[in-house]
Amino acid sequence: MVDNQTEREVVIRLDNVDAHYGQAQALERVSLEVYRGETVSIVGANGAGKSTCLKVISGLLRPTTGHVMVCGEDAARLSPAKLVKLGLAHSPEGRRVFASMTVRENLFVGAFTVSDRSVVEERLADVMRFFPILQERRDQLAGTLSGGQQQMLAIARAMMSGPSILMLDEPTLGLSPLMSKEVGALISEIRKRGLTVVLVEQNAEIALGVADRAYIMESGRVVASGDARDISASDTLRRAYFGA
C-alpha cells in the first residue's frame with residue numbers, strides 16, 4: 001500500500017468539479033487526488049458518474065466549474081492529444097477497438113502522438129511480450145477477437161502511447177467471471193511496472209482488490225474515500241450499490 005502520501009507527487013487533482021451533459025448534471029463538486037505510482041479505483045453503481053470523471057480528466061468533457069490538474073498542468077487548457085503527450089492514456093468503456101483493422105493496426109493507432117518509428121516498434125514489441133495472445137493474433141481483424149481479447153487489445157493500445165498514467169474504464173464490462181479475474185490479474189501486473197493506474201469499475205471486488213485507495217461515487221458525488229481495504233468493508237459501499 002502507498003505510504004507517506006503527503007510527500008508524493010499528485011499527478012491528478014479534481015477540485016470541486018461540476019460537469020454536465022447538456023442540461024443534465026453528471027458531476028457535483030467532485031474532488032479527488034491521485035498520487036504518482038499508486039492505483040486508485042473509483043467505484044459505485046451504474047450511472048454514479050465514474051466514467052464521467054475519466055472523461056473530464058482526459059479532456060473529453062470540459063468541467064462546468066472547478067479545476068482539473070494533470071501532471072501539474074491545467075487540463076481544461078489542453079486538448080486530449082496534448083494530455084496524451086503529458087503521459088495520460090485513457091482506455092474507454094466498451095473497448096472501442098477498430099473492428100475492421102488488424103490487431104497490429106489497432107496498436108499503431110495507440111502511438112499516434114509518437115513520431116519516432118523506432119520508438120513505436122519498441123513499444124509494439126513490449127506490448128506483444130506483455131500480451132502474448134495479441135502476438136499470436138497480430139494479423140487477425142480486431143472484430144473477430146473474443147470480448148476478453150478485445151479488452152486486452154484496448155489496454156495494449158492505450159499503453160502504446162508510453163503513458164505514466166493509465167486510466168481504465170470498466171475493463172471487465174461484459175466479460176465472464178473467469179475472464180474478469182484474468183483482467184484483474186493483468187491490472188496487477190501493469191501496476192508492477194510503476195504506472196499510475198486509475199480504475200473505474202462496477203465490479204467492486206476486482207476494483208478494490210487491486211487498488212491502494214478508492215473513492216465511492218453516488219449520483220455524481222464522492223460519498224467516501226480511503227484505503228481500499230477499509231472501503232471494501234464499509235457500509236457506504238453497500239449502500240452505494242444496494243441502497244441499504
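**View 1. Packing partners of helix α4.** The buried residues of α4 pack against α3 (103-109), α5 (132-136), α6 (147-159) and α7 (177-191); contact means heavy atoms within 4.5 Å. The model is predicted, with local features needing pLDDT of at least 70 and side-chain atom pairs counting only at pLDDT 80 or more, while totals for chains, interfaces and linings use all residues. Residues are numbered from 1 along each chain as its sequence is written, and side-chain values use heavy atoms, leaving out hydrogens and water. Helices (H or I, at least four residues) and strands (E, at least two) are DSSP runs, numbered from the N terminus.

View 2. V120, L124, V127, M128 and F130 are the buried residues of α4 (buried: under 20% relative accessible area; exposed: over 50%; partly exposed: in between; 1.4 Å probe, protein chains only). They cover an arc of only 160° around the axis, which puts them on the same side of α4; the arc is that of the directions from the helix axis to the C-beta atoms. Exposed E122 and R129 sit on the face turned away from the buried side of α4.

**View 3. The open sheet.** Four strands in the order β2-β1-β4-β5 form an open sheet with antiparallel pairing (two strands pair if DSSP finds at least two bridges between them). β2 (24-35) and β5 (73-74) stand at the edges with a single partner strand each, so one side of each has no neighbour in the sheet. Strand β1 (residues 10-21) is joined to antiparallel β2 by eight bridges. V10 has Y35 in β2 as its bridge partner.
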